[in-house]
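I opened a new structure today and wanted to get my bearings.

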Amino acid sequence: MNWYSIRMRAAAGGPHEKGGRHISGAEDLVPETEIEDRLFYFWQKASNHEKGKWDFLQITVEKIDERVQEVSLLPVKLFYPATTVDARKLATELLGRNGITQRQINSAFQLLENPPQDIRGAWVVALDSNRVVRENVRATKFGWNQTTYQQLREMLTCAGLINTRLSEALALASKVNACPGIVAELCWSDNPEYTTGYVASSRLGYCRLPNFKPIGKGGGRVFWIEKEEQIESVLHWLREVPCLIGGVPILQK
Ligand code: PML
Ligand code: MG
Ligand code: MG
């Protein structure tokens, strides 16, 4: 079967690289029969966005020649912090289990707290040098094993959690944290109205944290890598290696 990577990005005030404000982005890896459907969904997603109206929209479709790998879906763990302070305390404790220090975590919170408006991807931070090695890094070329996706939808529906934001973020986190060299990820939404975020790693799973940021604020993602020298192989994994997210969904309340 042939696979196709589809990605979308939309901005207002021109393209992102010319200072446009990020509105929406999306990603999928699908067989040919699904392309039309996805194009329509991406068009709708970009055009009905709370962040406003785009004047730049780019949708790229690319046939995949490499072998598609299967990576395991991260287990979903639900937490219920009542306040932003509680959510950040929890996140700090969870990330600490992956050896990330309080200071490194606070620096990442600061990055997400004051994001530039044209940011559309993640900051990659190296834990050995404490430096931001790259910014605006986007993970691409991933999609769902359809059986896994159907099972996930059923599981989330039963838990009263049906939410495309969650499944899209979970697919991304599953690809990102399967990357050799990536230690963990931190995310809160760049959408001002959406205050839920997560921390994730292959050891922690996808730890979902409501109230991660105050309403009205932007956000983004941080990927921590072990060593700065791993950056090229990490970027290759994130951008080039096609992955389908598979396995049996797990929800821990
Ligand atoms: C985003 O805006 O795409 C990030 C959303 C992260 C949290 C998704 C969720 O679990 O609800
Ligand atoms: Mg990893
Ligand atoms: Mg977003």
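This is a predicted model: local features need pLDDT of at least 70, side-chain atom pairs count only at pLDDT 80 or more; totals for chains, interfaces and linings use all residues.

**Around the ligand**

I sorted the shell around ligand 1 by class and got 5 nonpolar, 5 polar and 3 charged residues.

Next I checked who comes nearest. Of the 13 residues around ligand 1, those are Arg165, Leu166, Ala169, Ser189 and Thr196.

Which element gives the most to the shell around ligand 1? It is H5, with 3 residues. Helix H5 covers 164-177, and both H5 and E10 supply at least two residues of that shell.

**The sheet**

Then I traced the strands. I found 8 of them in an open sheet with mixed pairing, and I read the order as E7-E6-E12-E9-E10-E11-E5-E14. Strand E7 (131-137) and strand E14 (251-252) are the edge strands, each pairing on one side only.

I took a look at the E7 end. E6, residues 122-126, pairs with E7 in the antiparallel sense over 4 bridges. There, valine 125 stands opposite valine 132 in E7.

**Helices on the sheet**

I looked up two helices here. Helix H2 (residues 84-96) packs on the sheet and touches strand E9 (182-188), strand E10 (197-201) and strand E11 (205-209). The direction of H2 makes about 165° with that of E11.

Which strands does helix H6 (residues 231-240) lie across? I noted E6, E7, E9 and strand E12 (220-225). H6 runs at about 20° to E7.

One link back to the ligand: E10, touched by H2, also supplies at least two residues of the shell around ligand 1.

Terms used. Residues are numbered from 1 along each chain as its sequence is written. Chains are lettered from A and ligands numbered from 1 in the order in which they are written. Two strands pair if DSSP finds at least two bridges between them. Two residues are in contact if their C-beta atoms, placed from the backbone, lie within 7 Å. Axes are lines fitted to C-alpha atoms, for helices over the stretch in contact, and angles run from 0 to 180 degrees between N-to-C directions. A residue is near a molecule or strand if its C-beta atom, placed from the backbone, lies within 6 Å of it. Ala, Val, Leu, Ile, Met, Phe, Trp, Tyr, Cys and Pro count as nonpolar, Asp, Glu, Lys and Arg as charged, and the others, Gly among them, as polar.
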